[in-house]
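Trainee: Before we look at anything in detail, could you take me through how features of a model like this should be read?

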Amino acid sequence: MMTLFLSTPISAFIRSFPQPAKSMLILGLVIVISIVVMAILAPYIAPHDPASRVYIELQPPSRNYLMGTNHVGMDVFSRVVWGSRVVLFVVAVSAAISMAFGVPLGLISGYYGGLVDRVLSIIMDSIYAFPSLILAIAVAAVLGPSPLNAAISIAVIYVPTYYRMVRGETLKVKQMPFIEALIVLGCSDATILKSIFRNITQTVLVVFSLSVADAILTEAALSFLGLSVTWPTPDWGLDLRSGQPHLLNGYWWIAMCPGLMIIALSLGFALIGEALSDYFSIAAKV
Amino acid sequence: MSNALLEVVNLKVYFYTLSGVVRAVDDVSLSVLPGEWIGIVGESGSGKSTLAYAIAKIVPPPGRIVGGKVKFMNRDLMELNEEAMRGIRGRHIGFVFQDPLTSLDPLRTVGDQLAEVIQVHLGVGREEAIREAGELLELVNIPRDRLNYYPHQLSGGQRQRIVIAISIALRPELLIADEPTTALDVIVQDQIMDLLKEVQMKGASIMLITHDVALAAEMANRIAIMYAGEIVEYGDTRSIINAPLHPYTAGLVNSVPDLWSAKTIKSIPGFPPDLRNPSPGCRFHPRCRQALSICINERPPMTIVEHDRCIACWLYLKR
Amino acid sequence: MKALVIAKGLKKYFPVRRTITDVMLMKGRLYVRAVDGVNLEIGFGETLALVGESGSGKTTTGRMLIGLEKPTEGSILFEGIELTKLSKRALKKIRPHMQMIFQDPYASLDPRVKVGDQVAQPLIINGLCNADEAKEKVLEVLERVGLTPPSEIYERYPHQLSGGQRQRIVIARAMIMRPKFVVADEPVSMIDVSLRASILELLKEFKREYGLSMLFITHDLAVAKLVADRVTVMYLGKIVEEGAVGEVIHSPLHPYTKALISSVPTIGNRILEKLKVVGEIPNPINIPSGCRFHTRCPFVMNKCRSDEAPWINVSKGHGVSCWLYSTK
């Protein structure tokens, strides 16, 4: 399987990275892929039912209960494994929504300019001007607690990020002679926009990785505040909160384990994003 | 020639890139006499700029000087450490680059930048340095009051004059100008060339790196033609231009459109070689109409064909 | 109809962005007067070289003629049709007849599309043929511009080609439509000297074969001499001299043309004595009064500082805008 992987264009792409971006990319990919695999295989990995009492409460990590048990006797390890599903769902849905709005609006704004651009820019800038977490909390509070609503409220705060980056890149690419050549050839706006989009996908990829890294933290904050899933559904942010009162009494594992997972997943995406942005900016210079 | 100001012997500069070793400068020898104007002519990728950087030991990574000698004022620069080189650069070898904007600090006035060079190297006081900076500006035909201007307030030509002023502030014996007028228009180019001529008249040697054969032909006493990392021909300007010997030189001269003559111009067929694995023979042979069988496998040595005229071509070698 | 393209009183002003302080101090809007009243005619099958320094407005003029820039004022007639008044849709119908070749062969091709597909693009966009026919035509034209073997070149991406090869692709893409009018904006200035001649030769062949008219924008008079029939010299948004190419080069009239021509380095013997002028082309925001060249002209007279010079036809087809030639 390894040799099979090595012959793919993806592996060639990874190998073309200069150091230290290559190490960052590989580390990030390893983290993210293992967590995704964990989420998919949760029923097979988790030894216990994550949402019911399985043992005495507040037991430290042991062979049967790798990360100990929480204040009501649930297995922390099983909760961490199942909890990855919620984070990944919320983050994936929110990224899809923000991209679906941010990218086309950025393209249109950058390409057509004029009044459309001005109106859109003002709207986006005003969203951007809000402290992002407070905005997400406000939206989530209005919509009510549920993972989908959490995803929507996170999406709202990242639309301007995609919009601004895509608009900026569009303005740059629009002036390239190869786009002007399309205009001279008599291409329709749709063809031209498609061609511009093809040339800004790298930017979208970088923005995606970096904003997902950030969105993971926001998601954790929302569920910490009880604005995403409801107890006893396993979720990292929620478990962080339920473990927090016990932290000072020495039962560190209840909050620490999901907390470290949040950091790891966010770090994984951040590493990928940084590596890609390094690579593309170098490629752009060459 | 021990009276040479600069002597480059068998210089090799390789770039160690991810996709292989690029032999940017491969076994190049030349000398520069005091007070002369030498033109290094080559197309993009010929290694002419790398040669200039190597002389001052400022080859950017992944490039490395891997062999050869650079003797300047009877000292071997290859044996000097970085600190000693800093005393040579600026003080004895001045540099003028293609883009004046990159050689000037956008946040400081031109007077400030000029005065600093004078202060640091000559150890004079601030006031003295500023006074001298003003004199230098007038020397390059810029009014003294421009001392308080920032680079962006000046035109391209004026900026290049400032760069020249900075590089001649310490009266270096050698001024290396790397495509100094490529970003400028012909009228301004002409003005800058006049200025460099004045610098030469004051005793400095000028090394003009350019892709423009006609410009080198007008300005230089001697020219060296570079192709794919090597010097293929060098000698007195007029004799090279009027009767080029190396087939590449001939092709290059014939490809230059000339305003005044009615001759038709001709391209050299083909493309320059990939310097990652150049042919063991003459690097020009795939494009050469007169190529012999020996050209494919054996590299022609640099040979003196007449007084001070060297050429690397099997056609002119008695075997 | 005496000419394919006729431009009259062409002007292009670009507004300068005002800073907050400018607005608060109620400073008026400033304009870069890039092109300031240009008249030109390009005859059928004729190549007109538009020569000038950077900042002369030559590129903006070309972009207006091809429809990439909307003129602030003036008219452009193409085969008798007024282009400036056309709707976007009507303009698109005319587009295939006008093509442009850009200066930078690295930037004028989409890095993510096979070069063959890029050459085919105009045929498919304009619905002239289906994909198979298009491919056949592309292979033909690739061979025609000297890119062999065409089937191999077709599959390459731009970064796999050299600068000279890319410029041939750009030329192929422009010529595949058999246009009537081509604007070539410094097509060889980024090409290595030893390859320029073949690119210029290629353009000339197409011009002969298709009988097309060309506006050849360049800063290099020696190149203009090789391809053009007539030459127009621009300075600071205005035309200062126009005439047959040999006549302008060998007996230039305007002091600026003289300076420009005599500054060009030569490998042979120069015929014209060098005319030295001082300074550089002024900022097109603050254009000098009267004749625009008076600030640098060695022959400046009082009249030049206040009054714009009239257009004077010195001989048939050779005109100049300079007070030195005024008999009044």
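Trainee: Which residues does B:Lys48 touch, not counting residues up to four places away in sequence?

Mentor: Keep in mind that this is a predicted model. Leaving out those sequence neighbours, B:Lys48 touches B:Ile40, B:Val41, B:Gly42 and B:Glu43, and also B:Glu179, B:Ile209, B:Thr210, B:His211 and B:Met226. B:Lys48 itself belongs to helix 1 of chain B, which covers residues 48-55.

Trainee: Is B:Lys48 buried or exposed?

Mentor: The general idea is to compare the relative accessible area with a cut-off, and a residue under 20% counts as buried. B:Lys48 has a relative accessibility of 7%, and therefore counts as buried. Its side chain reaches the backbone oxygen of B:Glu43 at 3.4 Å, and B:Glu43 is also one of the residues that B:Lys48 touches.

Trainee: How should I read the fold of chain B as a whole, and how many helices and strands are there in chain B?

Mentor: Begin with the secondary structure, which in chain B amounts to eleven helices and twelve strands. The radius of gyration of chain B is 20 Å, close to the 20 Å that the globule rule gives for 319 residues, so chain B is as compact as a globular protein of that length. Along its principal axes, the C-alpha trace of chain B spans about 65 × 50 × 40 Å. Of the 319 residues of chain B, 54% count as buried, and among contacts in this chain with a separation of 6 or more, 61% join residues 24 or more positions apart.

Trainee: What can be said of the surface and the charges of chain B?

Mentor: The accessible surface of chain B comes to about 13,600 Å², with 52% of that area belonging to carbon and sulfur atoms. For the charges, one compares mean positions, and those of the 33 positive and 36 negative charges of chain B are 5 Å apart.

Trainee: Where does A:Ser84 lie, and which residues does it touch beyond its sequence neighbours?

Mentor: A:Ser84 lies in helix 5 of chain A, residues 76-112, and because its relative accessibility is 0%, A:Ser84 counts as buried. Not counting residues up to four places away in sequence, A:Ser84 touches A:Ile35, A:Met38, A:Ala39 and A:Trp236, while its side chain reaches the backbone oxygen of A:Val81 at 2.6 Å. Separation in sequence and in space should be read together: A:Ser84 and A:Pro258 are 174 residues apart in sequence, yet 9.2 Å apart in space, C-alpha to C-alpha.

Trainee: Which pair of chains has the most contacts?

Mentor: Of the two pairs of chains that touch, chains B and C have the most contacts, whereas chains A and B do not touch, their nearest C-alpha atoms being 9 Å apart.

Technical notes. Residues numbered from 1 in each chain as written. Chains lettered and ligands numbered in written order. Predicted model: local features only at pLDDT ≥ 70, side-chain atom pairs only at ≥ 80, totals over all residues. Heavy atoms only, no water. Contact = heavy atoms within 4.5 Å. Helix = DSSP H or I, 4+ residues; strand = E, 2+ residues; numbered from the N terminus. Rg over C-alpha atoms; globule rule 2.2 N^0.38 Å. Buried < 20%, exposed > 50% of the residue type's maximum accessible area, 1.4 Å probe, protein only. Areas by Shrake-Rupley, 256 points an atom, 1.4 Å probe, with all protein chains shown as cover. Lys, Arg positive; Asp, Glu negative; His and termini not counted. Charge placed at Lys NZ, Arg CZ, Asp CG, Glu CD. Polar contact = N/O pair within 3.5 Å; in protein donor to acceptor, adjacent residues only side chain to side chain.
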